[in-house]
There are 2 protein chains.
Amino acid sequence: MNNKIITCWTVLCLSLIMTSSSLSAQKKVKQKPLIIEEQGSFAVGGTMIENPGTFDPYNITPAGQTFRGDHAYVFYQVPAESRKYPLVMWHGIGQFSKTWETTPDGRDGFQNIFLRRKFPVYLLDQPRRGNAGRSTDVASVKPIPDEQQWFGVFRIGIWPDYYEGVQFARDPETLNQYFRSMTPNLGTIDLNVTTDAASALFNKIGPAILVTHSHSGGMGWITAIKNQNVKAIVSYEPGSGFLFPEGEVPSPIASSAGALEATGIPLQDFLKLTKIPIIIYYGDNIPDQPSKNSGADGWRARLEMARLWRDAVNKKGGDATVVHLPEAGLKGNTHFPFLDLNNIQVADLMSSWLKEKGLDK
Amino acid sequence: MNNKIITCWTVLCLSLIMTSSSLSAQKKVKQKPLIIEEQGSFAVGGTMIENPGTFDPYNITPAGQTFRGDHAYVFYQVPAESRKYPLVMWHGIGQFSKTWETTPDGRDGFQNIFLRRKFPVYLLDQPRRGNAGRSTDVASVKPIPDEQQWFGVFRIGIWPDYYEGVQFARDPETLNQYFRSMTPNLGTIDLNVTTDAASALFNKIGPAILVTHSHSGGMGWITAIKNQNVKAIVSYEPGSGFLFPEGEVPSPIASSAGALEATGIPLQDFLKLTKIPIIIYYGDNIPDQPSKNSGADGWRARLEMARLWRDAVNKKGGDATVVHLPEAGLKGNTHFPFLDLNNIQVADLMSSWLKEKGLDK
C-alpha cells in the first residue's frame with residue numbers, strides 16, 4: 001500500500017518536473033506574435049433540398065421548407081504582408097481541420113507554421129465532416145473502439161509499442177489529444193460532393209496551392225482537374241484515388257491491408273495534372289517488402305503506386321515528385337508528418353519546394 | 001423571354017453595384033491587424049470506452065480497442081497585451097463555433113470584436129457537435145428541411161417576410177451562410193456530458209468569463225455551479241434550463257411554442273449562482289402578449305422566466321441583470337444579437353458591463 005502511494009507521488013513529481021521543464025522550454029522558443037490582417041470563416045459550395053408546398057408559419061409542417069447541406073466549412077487567416085498564393089489545407093479520413101492546428105503534444109501545426117511564413121492559410125472541413133456536418137445524406141454513427149488499429153495504420157508503432165525513433169511524443173496526453181482529433185463522417189464520402197465544394201472554394205478565393213493528406217490526396221487530384229485555380233499540390237501520404245489515363249492503369253498492388261487499385265480517367269482530364277507542379281511526401285516505417293503488419297504494409301503499396309503515378313505524369317510532360325522522407329534525411333515520420341516532432345523540418349522541405357517552383361512570391 | 005433576360009441583367013448589375021459598394025465600404029472601415037500572441041486548439045474532457053480483451057495487431061478484432069469521445073473541442077486565441085480574464089464563448093442549439101466567427105453577411109463576429117478589445121477568446125464546440133463529433137452515443141442523422149421554421153424561431157421574421165427594421169441583411173447569400181452555420185447533434189444532448197466538458201475547460205484555463213447563447217444558457221448555469229473558475233456569465237437569449245431553489249420553482253409559462261418549465265435544484269447549488277455577476281440579453285420582436293406566432297411567442301415566455309429568475313437570484317443576494325435590448329435603445333435584434341448588423345453596439349453593451357464589474361482588467 002505504502003509502495004503504491006510512493007510510486008504515485010514519484011509519478012506526480014516527475015510529471016510536475018516535466019511540465020515545468022517543458023514550460024520553460026516553451027518559453028525559450030517563444031514565437032513572435034502572429035500579425036493577422038484578416039480572419040474569418042464561411043461555408044462554400046453545397047446543395048439545397050426543397051420540400052414541395054408552401055410554408056405556413058402559423059401551422060408548421062414540412063411543406064415548403066428547405067435544407068442546405070453538403071457545403072464545406074472554411075476558417076481562414078491572412079497574415080500581414082502575405083505571399084501571393086494561399087495554402088488550402090485539406091484533412092484526411094476521419095479527420096477535420098485539427099490536422100493542421102496545434103499538434104497533439106501542443107506545438108505549432110502547419111496552420112501556424114505557414115502563417116508565420118506569411119502564407120494565407122485556409123483550413124477546410126470537407127462536406128459531411130466536423131463543422132460542415134449538415135449533410136443531405138442519412139447518417140448512422142456508432143462509437144466503435146478502433147484506436148489501436150489507427151495507431152498501426154497511422155504508423156506510430158505496432159500497438160502497444162512505439163516504433164523506435166518515431167517522431168511522436170510518448171506521454172498519454174499526446175495520445176489522448178491525437179485520438180480526440182478524429183470525428184465521424186455524416187453519411188457517405190461522395191467524391192463529387194467533396195470535390196465540388198473544394199472546387200467552389202478555389203472559385204471563391206482564386207489561384208491557390210492545395211495541401212492534401214491521405215484520403216484528400218485522391219480528392220485533390222480530382223479538384224485540380226475540375227479547377228484551374230489549383231496552382232500546385234503538396235500531398236502528404238495520399239492513400240487512394242490515384243488516377244491514370246484509361247488504358248494505362250497499372251495492376252492492383254497487393255498488400256496485407258488489401259489490394260490497392262488505381263482508377264482510369266480520360267486522357268484529357270489526366271493531362272490537366274501534368275500542367276501544375278505536384279509533390280508527394282511519405283514518412284518512415286514503410287516496409288520495403290510485403291509485411292504481415294497490415295497497418296504499415298498498406299503504405300508500401302501506396303508508396304509504390306505513387307511512384308508509378310509520378311512516372312505516368314512525368315512521361316506526359318508533367319512535374320510530379322515523390323519524396324520518401326527517410327531518403328531526404330528525415331527519419332521516424334508517421335502518417336502525419338506535418339504534426340510530427342520534426343514538423344519544422346517537414347515544413348522546411350515544403351517551403352524549399354514552393355520556392356523552387358516560384359510559388360512563394 | 002427578352003423581359004426575363006433584361007430582368008436577370010438588371011439583377012446582375014444591381015448585385016455588381018452592391019458588391020462593389022460593399023467592398024468599398026469594407027475598405028473604408030478596414031480594421032487594424034490582429035496581433036495574436038498565441039493560438040491553437042485542443043480537446044478537453046470526455047470519456048473513454050474500452051473493449052475487454054487484448055488487441056492483436058496481426059489479427060485485428062474489436063478486442064482490447066478503445067474509443068475516446070464526448071470531449072469538447074476548443075479553438076483559442078490570445079491577443080498581445082491581453083486582459084486578465086478570457087472569454088469562453090459557447091454556441092446554442094444546432095450551432096457550433098461559427099456563431100461567434102464571421103457573421104453571415106461577412107463582418108466581424110464576437111470572436112474578432114473581442115480579440116480586438118484584447119480579450120483572449122476561447123470558442124467551444126460542445127461534445128457531440130461540430131468538431132467535437134466523436135460521440136459515445138449512437139446517432140442517427142437525417143436531412144429534414146426546417147429552415148423556414150428556424151427563420152421564425154430565430155426571429156428574423158415571419159417567413160417569407162423579414163421583420164421591419166430587423167438587424168439582418170436581406171440578400172440571399174446572407175441567408176445561405178446563416179443556414180449553413182448549423183450542424184447536427186451526434187446523439188443525445190446530455191447536460192452532464194456537455195457541462196462536464198465545459199467545466200474541464202475552466203479547470204484547464206483557470207478563471208474566465210462564460211458567454212452563452214440560447215441552449216447553452218441553461219448549461220452555463222450548471223457549469224458555473226460545477227466550477228468556481230466561471231467568474232461571470234454573459235448570456236444571450238437563454239432558452240431553457242432556468243434553475244430555481246427547490247420549493248421556489250415558478251409555474252410553467254404557457255406560450256404558443258409550448259409551456260416553458262423551470263427546474264428545481266438544491267438551495268446550496270443555487271446559491272453559487274448568487275456569487276458571480278450575471279447579465280442576460282434578449283433582442284427585439286418579442287411579443288408583449290400571447291401571440292399565435294409561435295416562433296416569437298416562445299421568447300415572450302423565456303424573457304418572462306428570465307426576469308423571474310433574475311429576481312430569485314437577486315433576492316438571495318446575487319447580481320443578475322436582464323436587459324431587453326429595445327429598452328436599452330437597440331432595436332431590431334434577432335435571436336443572435338452578436339451577429340446582427342448592430343453587433344458592435346451589442347458588444348459595446350457587453351464591454352460596458354464587464355468594465356462596470358471590474359472584469360476587463
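Predicted model: local features only at pLDDT ≥ 70, side-chain atom pairs only at ≥ 80, totals over all residues.

## Stop 1: a helix pair in chain A

Select residues 191-205 of chain A for helix α5, then residues 215-226 of chain A for helix α6. The two pack at an angle of about 55 degrees, and their axes are 9 Å apart. The crossing of α5(A) and α6(A) is right-handed.

Now show the side chains at the contact. From α5(A), pick A:Leu191, A:Asn192, A:Thr194, A:Thr195, A:Asp196, A:Ala198, A:Ser199 and A:Phe202. From α6(A), pick A:Met219, A:Ile222, A:Thr223 and A:Lys226. Colour them by class: the contact of α5(A) with α6(A) has five nonpolar, five polar and two charged residues.

## Stop 2: the domains of chain A

Zoom out to chain A. Its domain assignment gives domain 1 as residues 1-30 and domain 2 as residues 36-356. Colour the two separately. How far apart are the C-alpha centres of domain 1 and domain 2 of chain A? They lie 36 Å apart.

## Stop 3: two loops in chain A

Select A:Trp159 and A:Pro160. The peptide bond between them is cis, with omega near 5 degrees. A:Pro160 sits in the loop between β8 (157-158) and β9 (161-162) of chain A.

Next, go to A:Asp70. This residue is not a glycine, yet its phi is positive, at about 65 degrees. Show β3 (66-69) and β4 (72-79) of chain A as well: A:Asp70 is in the loop between them.

## Stop 4: from chain A to chain B

Show both chains. How is chain A laid on chain B? A turn of 180 degrees and a shift of 0.0 Å along the axis do it, with an RMSD of 0.0 Å. The two copies are thus related as by a two-fold rotation axis.

Now select the interface residues of chain A. Of these, 100% are also interface residues in chain B, so the copies meet through the same surface.

## Stop 5

Select helix α5 (residues 191-205) and helix α6 (residues 215-226) of chain B. They pack at about 55 degrees, with axes 9 Å apart. That makes α5(B) oblique to α6(B). The crossing of α5(B) and α6(B) is right-handed.

Show the contact side chains here too. Among those of α5(B) are B:Leu191, B:Asp196 and B:Phe202. On α6(B), select B:Met219, B:Ile222, B:Thr223 and B:Lys226. The contact of α5(B) with α6(B) divides into five nonpolar, five polar and two charged residues.

Finish at B:Trp159 and B:Pro160. Is the peptide bond here cis or trans? It is cis, with omega near 5 degrees. B:Pro160 lies in the loop between β8 (157-158) and β9 (161-162) of chain B.

How values were computed
Residues numbered from 1 in each chain as written. Chains lettered and ligands numbered in written order. Heavy atoms only, no water. Domains from an automatic or database assignment. Axes fitted to C-alpha atoms, helices over the stretch in contact; angles between N-to-C directions. Helix = DSSP H or I, 4+ residues; strand = E, 2+ residues; numbered from the N terminus. Left-handed = near helix turned anticlockwise from the far one by under 90°. Contact = heavy atoms within 4.5 Å. Nonpolar A, V, L, I, M, F, W, Y, C, P; charged D, E, K, R; others polar. Least-squares fit on C-alpha atoms with pLDDT ≥ 70 in both. Parallel < 35°, antiparallel > 145°, perpendicular 65-115°, else oblique.
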